[in-house]
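Here are some short notes for a first look at this structure.

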Amino acid sequence: MIRFALLLIFALTSSAATLAQRIDQLIAASPAARAAFFGVEAVDLVKGKTLVELNPHSFFVPASNTKLFTTSMALLRLGADYRFRTRVLADAAPDSEGRVSGVRLIGGGDPNLSPRTIPYQVGPVTGDPLVAIEELADQIAAKGVRRVEGDIVGDDRWYTWEPYAGGWSVDDPLYDYGTAVSALTVNDNTQFVNLQPGTSEGQTAVIALNPPMEYYHIENRLVTVAKDGVRRVRYERQPGSKELTIWGTIPLGNPGQTLALGIDDPAEFAAMALRQALEARGITVTGKATPRHQFPSEVADLTQADAPAMDPGVELASHVSAPLIEDLRITDKVSQNLHAEMALRAVGRARRNIGSREAGLEEMKSYLAEAGIGADDWRLGDGSGLARTNLVTPDTIVRLLRFVYDSPQREKWISLLPVGGQDGTLRGRLSDPAVGLRVHAKTGTVAHVSALSGYLQRANGDWVAFSILVNNYNSQSAEITAVMDRICALIMK
């Protein structure tokens, strides 16, 4: 520790050392950073001068720095005011007795059918997770519907049914951060399972679901143990299965634990929610909740299609989203994987008439080519950065940042990014206001990967585009991010 402190002081105070030398010394002073692979590039946006380069053309797994590509493309391709529409259709208007048939809940790609506050606010999401579904059910009841003859169909064909991208880990879908991607998304396609101890030793734990829907079949083997026991919760769901097993121990008096679980079929989940909401309003539904997908095998070309026909039927209810920029701000601030994947597909749908991952990535090629970034300078397989197969260079990210900075969307774009010490994924970093308030950047984290890229303002007022990518470290992430934050401080000088 003494050696690290001395080297750090030297790195930060030596007037003779160049910026590159100071960064090298900073990395060398940390055993954790020294064993990792660093890439750094920073360019003064006023003078066009490269301030520092360290492995700028080497490839790195970018993690959620991938969202810089996705959200900037969505902003520039779709526009800040783009909106999504969710509809409920029936085959015909209600008859004299309030009967309808063929009810379809049709997703239009809205990521925020949830209780989330818009515009973005710092803090947890609270409120009724089914608030959007409840509002749709109110509209349906107001149309005089008293009985649904048949099923409630959750239709997510606005986007092709490709719920997971190649390169995701096999266990990602179990969790909220890796939940299935769908054009019909309710509550971020997440169900919370709250676990509390029983009232005496030997009892199984008490389970509460939010939303309160029995989507998964839960085998509860979590046992209450003595107050001085250990809370050890384990859970498992096989891919594609609705069988969830929870086991382990939870002590008496323990505050409990909440699991955030990804939903396997969001369209079915949404249909179940609407069916439940209708029945709560006294509307009889004779059928079941069922999904309707467009499978890749049903599509001739996943990168381009003719304009689709309009859905037939009579509209019973609808919901129009907030402007796209509000969701892009949420996506980048909190690093919301699902929303980034939906943004990628939204661009494909709007520009190529098909809401597929492939169409979004094909449009990405065109977008990056406009930014002067060749196909050999990047490899992306998803829109969120969850794919471990993604590869970019620091130089590619900086070129992207310069391109968007020079666009008419500059101010809106920068407003999407977390601010050091203030909000999003940077709220707990760069806490010194003299540094943090001058950093607007996107983080990125998966196993052995950390990234930070965006903009910072130097002491002379000049703006800088920078990218810091770190791969292959075998230490706590906090040790690496501390070095990355110090690099930002060095660039500012």
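1. The radius of gyration used here is taken over C-alpha atoms, and the globule rule is 2.2 Å times the number of residues to the power 0.38. For 493 residues a compact globule would have a radius of gyration near 23 Å, and the protein has 25 Å, so the two agree. Please keep in mind that this is a predicted model.

2. On overall content, the protein has 13 helices and 19 strands. Along the principal axes, its C-alpha atoms fill a box of roughly 85 × 65 × 35 Å. Of the 493 residues, 55% are buried. Among contacts between residues at least 6 apart in sequence, 71% join residues at least 24 apart.

3. How do helices α4 and α9 cross? The axes of α4 (residues 66-78) and α9 (residues 357-370) come within 11 Å, at a crossing angle of roughly 80 degrees. Angles of 65 to 115 degrees count as roughly perpendicular, so α4 is roughly perpendicular to α9.

4. The α4 side of this contact consists of F69, T70, S72, M73, L76 and R77, which meet G360, E363, M364, S366, Y367, L368 and E370 of α9. By type, the residues of the contact are 6 nonpolar, 4 polar and 3 charged.

5. The side chain of D423 makes a polar contact of 2.7 Å with that of K333. Apart from neighbours within four places in sequence, D423 is in contact with Y120, V122, K333, L417 and P418.

Note on methods
Residues numbered from 1 in each chain as written. Predicted model: local features only at pLDDT ≥ 70, side-chain atom pairs only at ≥ 80, totals over all residues. Heavy atoms only, no water. Axes fitted to C-alpha atoms, helices over the stretch in contact; angles between N-to-C directions. Helix = DSSP H or I, 4+ residues; strand = E, 2+ residues; numbered from the N terminus. Parallel < 35°, antiparallel > 145°, perpendicular 65-115°, else oblique. Contact = heavy atoms within 4.5 Å. Nonpolar A, V, L, I, M, F, W, Y, C, P; charged D, E, K, R; others polar. Polar contact = N/O pair within 3.5 Å; in protein donor to acceptor, adjacent residues only side chain to side chain. Buried < 20%, exposed > 50% of the residue type's maximum accessible area, 1.4 Å probe, protein only.
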